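These are my notebook entries on a single model. I record what I looked up, entry by entry.

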Amino acid sequence: MRPTVSRWTGKEARALRDAKRVSQVEFAAELGVSERMIVRWEKGNVTPRPINQQGLDTVLAACTPDVQARFAEMVGLTSQAAPTQDPLVSSEQPASPAPEPDVPVGDEDQARHPVDGKLMTLVPAGVYFAGENSEPVYLPAFYVDVFPTTNADYARFVAATDHKPPQHWENGQIPEGLDNHPVVFVTWHDAQAYAQWSAKSLPSAQQWEKAARGTRGEIYPWGNQRTPAKVNCREGGKRSTTPVDCYASGASPYGVYDMCGNTWDWCSTESEPGRYELKGSAFTSPFLRCAPSTFNDASADMLDDDTGFRCVTPAETMRALLNVKGQSAKA
């Protein structure tokens, strides 16, 4: 039986932070709020808002059993006992599996994947605010490609696997000057084949959205300001893809590029049989379609000049691959 909280106050929030043995900065990042807000909760000056109540619920549910036991003890429960003096806490809800362990941010926040060589960045475990209604969702740590899969990346995959190249590559060659542009005219099946070859996966819609928006629930990767100049969208008048490192000012809080505009990204989330979610908008999209929470999907067989992909991998898998590579280099 794990403890749950009917109404969070600063007392319970502080107990959860202490049980997790994290700093106010780390706790704030996991919840997607400011450090100042954590201080105000713990001083008893402010009661968490409903959306933050949900976020605290989600963090507690994702904690390992030993953290939940410490929390229960701090608020007057044991992991076996029913509530005693505190009416805010109950132990009615069944236990859930422990989340994947966090990977610390620091020297390991960026790394090159040992299979396809692409630069990836860490999105730490924790809550982010998902969708147009900003519902709190907990995700384990994962790495995401900093840039979309480029034509040059895809050419290495084609050469290694004899996979069919995109239809606009004349004689199987990348069009001149487009090496660093996102690959297009790829179906979901093509994107999935690349992901399998590179020992990665396509991102779920939730992973993609967290990598784009960060943890604070802001509308765009850069904040809440409507700034079409930060992306390659219809209003910019480019009428084609641009190099994947072109829009640095539009990068996400994790430093991920082209999460709005340039090309739609295929996701692993199936919206209905044979159809998969697309995220990010494209150079063909009006800016009003650029918000990462926007829903779009398409048939897995669809291919177009404005649709590409990027990949993710669980943090623990990435670390294991890097360890194997390091050991091989020493041998």
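I call a residue buried under 20% relative accessible area, exposed over 50% and partly exposed in between, using a 1.4 Å probe and protein chains only. The model is predicted, and I take local features at pLDDT of at least 70 and side-chain atom pairs at pLDDT 80 or more, while totals for chains, interfaces and linings use all residues. Residues are numbered from 1 along each chain as its sequence is written, and side-chain values use heavy atoms, without hydrogens and water.

**Entry 1: aspartate 66**

I looked up aspartate 66 and found a relative accessible area of 44%, which means that it is partly exposed. The residue lies in helix α5 (residues 65–74); I take helices (H or I, at least four residues) and strands (E, at least two) as DSSP runs, numbered from the N terminus. Its side chain makes a polar contact of 2.4 Å with the side chain of threonine 64. By polar contact I understand a pair of N or O atoms within 3.5 Å; within protein, one must be able to donate a hydrogen and the other to accept it, and residues adjacent in sequence count only if both atoms are side-chain atoms. I also noted lysine 20, which is 46 residues from aspartate 66 in sequence, with 9.2 Å between the two C-alpha atoms.

**Entry 2: helix α2**

Which residues of α2 are buried? In this helix (residues 24–31) I list Phe27, Ala28, Glu30 and Leu31. They span an arc of only 160° around the axis, so they sit on the same side of α2; the arc is that of the directions from the helix axis to the C-beta atoms. These buried residues pack against α1 (10–20), α3 (35–42), α4 (50–62), β5 (126–130) and β6 (135–139), where contact means heavy atoms within 4.5 Å. Just after α2, I found glycine 32 with a positive phi of about 75°.

**Entry 3: α2 against α3**

I read a packing angle of about 105° between α2 and α3, with their axes 8 Å apart. α2 is therefore roughly perpendicular to α3. Axes are lines fitted to C-alpha atoms, for helices over the stretch in contact, and angles run from 0 to 180 degrees between N-to-C directions. Angles under 35 degrees count as roughly parallel, over 145 as roughly antiparallel, 65 to 115 as roughly perpendicular and the rest as oblique. Gln24, Val25, Phe27, Ala28 and Leu31 of α2 meet Glu35, Ile38, Val39, Trp41 and Glu42 of α3.

**Entry 4: helix α3**

In α3, I found Ile38, Trp41 and Glu42 buried. Viewed down the helix axis, the buried residues fall within an arc of 90°, so they line one face of α3. Their cover includes α1, α2 and α4.

I placed serine 204 in the loop between α7 (188–197) and α8 (205–213). A polar atom of its side chain lies 3.0 Å from the backbone nitrogen of glutamine 207. Leaving aside neighbours within four places in sequence, serine 204 is in contact with Cys267, Ser268 and Thr269.

Threonine 307 belongs to strand β11 (residues 307–308) and is buried at 1% relative accessibility. Its side chain makes a polar contact of 3.1 Å with the side chain of aspartate 306.
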